[in-house]
Amino acid sequence: MKTTLLHRILFFLPLLLLFSTVCHAQYPEEKPEDKPYLKLGGAVRFNYNLSTWKDDQLERGGDFGFDVFRLNAEAEYKGIKLNAEFRHYSQAFGGSFLKQAWFQYDFSDQSQLQVGLNQVPFGIQQYNSNNWFFNMTYYIGFEDDHDMGVKYIHDTGLWQWQAAYYKSAEEFVFALTDPSPNRYSYDVTGRNKENNQLDFKVVRRLGDSLAHELGVSLQGGLLYNLNTERNGTRYAGAVHYEYKADHSPWNVKLQAMLYHFNPKYAAGAELDFVEMGAYGANYNVANKGEVYTAGVSYHIPVSTKLLQGIDIYNNYGYYNKRVSGFENAHMNVLGALWTAGPMYIYTDAAFGYNHPWLGPEWTNALAAGTPGETDWHMRFNINLGYYF
């Protein structure tokens with residue numbers, strides 16, 4: 001009995017092996033699909049400020065309240081990446097909106113393409129500043145600006161160049177109405193709309209550790225006037241230098257730029273300024289000018305359980321308005337960034353002269369100013385952020 005069973009097994013075994021081989025040849029094993037990648041993060045921030053030009057606030061000893069809640073998402077699947085950031089402010093500061101959101105494809109370790117709401121390649125990036133308030137360039141739309149379009153980045157280490165085309169600014173209203181100021185970065189608003197913008201930026205890195213970055217940025221685009229239904233023009237250029245090295249505690253930022261807005265206003269209604277908006281409100285900005293900025297910071301490492309580092313910095317910006325009768329503007333921020341685990345705490349003394357966020361004049365501080373009445377003002381600010 002045992003012998004008969006053994007013979008049957010030996011007889012059928014080659015047939016089973018042959019059937020298995022044929023099936024494998026007909027249905028080859030598929031390669032495992034790329035696993036999707038998703039990383040979520042965000043931040044919660046609160047803010048204290050005390051402004052010297054606000055008598056009621058001085059009486060209260062300042063105000064402490066909600067700043068922003070934000071969510072970040074990074075994803076990748078089959079070689080296509082996503083980078084998005086959503087922010088929620090109070091209604092007084094614009095409410096909820098996207099800061100950035102783009103699709104990305106990497107052609108190689110050196111080249112990538114971004115499509116969507118991405119950072120405009122102009123000037124020192126990511127920030128032309130070290131503090132919570134940014135520098136003067138931010139308030140006229142030339143620092144950490146994000147627009148809707150396509151950007152190509154090529155970086156070899158020694159050289160980096162970026163080229164971009166933007167169809168629109170942060171466009172959230174698709175109609176012939178005033179662009180909404182409920183956005184993160186400053187753009188031309190009011191009765192003009194930014195459109196069809198081209199940017200080109202090149203950076204050359206120097207030194208043994210490539211810590212010295214010299215760059216040139218160029219920008220040109222159109223301004224569509226809702227009243228005349230005609231396009232005006234705008235252009236800007238900048239030269240910039242930054243020193244940043246892993247082995248050095250110092251960071252230095254220097255930049256000089258000029259710009260010109262030339263909207264097509266109706267005959268007899270020409271203005272020497274345009275409206276710009278962000279965070280839920282508009283103000284006026286001179287049609288042309290130059291901005292010179294300088295910043296320096298020094299990192300102090302700290303080895304305690306609570307505190308890991310302190311960055312001391314000073315950032316200065318000078319805005320030379322090239323319009324007759326317009327008073328120039330200044331901005332200086334002296335402060336420190338305290339790093340404590342997941343928390344980043346900015347403590348800033350921000351001084352402004354003809355600055356909408358750092359003085360009593362909002363609407364025309366960056367246009368005509370208040371000649372004969374302008375003075376320096378200071379805002380002491382503490383921003384506490386928990387990043388996750």
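This is a predicted model: local features need pLDDT of at least 70, side-chain atom pairs count only at pLDDT 80 or more; totals for chains, interfaces and linings use all residues.
Residues are numbered from 1 along each chain as its sequence is written, and side-chain values use heavy atoms, with hydrogens and water left out. Local features need pLDDT of at least 70 and side-chain atom pairs count only at pLDDT 80 or more, while totals for chains, interfaces and linings use all residues.

Of the 388 residues, 47% are buried (under 20% relative accessible area, 1.4 Å probe, protein chains only).

Turning to the cores (buried Ala, Val, Leu, Ile, Met, Phe, Trp, Tyr and Cys residues joined through side-chain atoms within 4.5 Å), the largest holds 47 residues, and M276 is among those with the most contacts inside it. Elements giving it two or more residues include β7 (159-168), β13 (273-278) and β14 (281-286), with β17 giving the most, at 4 residues. Beyond its neighbours within four places in sequence, M276 is in contact (heavy atoms within 4.5 Å) with residues including I140, Y186, F261 and V285.

As for the sheet, β8, β13 and β14 line up in that order in an open, antiparallel arrangement; strands count as paired if DSSP finds at least two bridges between them. β13 and β14 share 6 bridges, and V274 has V285 in β14 as its bridge partner. β8 (187-188) and β14 sit at the edges with a single partner strand each, so one side of each lacks a neighbour in the sheet.

Note on methods
Buried means under 20% relative accessible area, exposed over 50%, partly exposed in between (1.4 Å probe, protein chains only).
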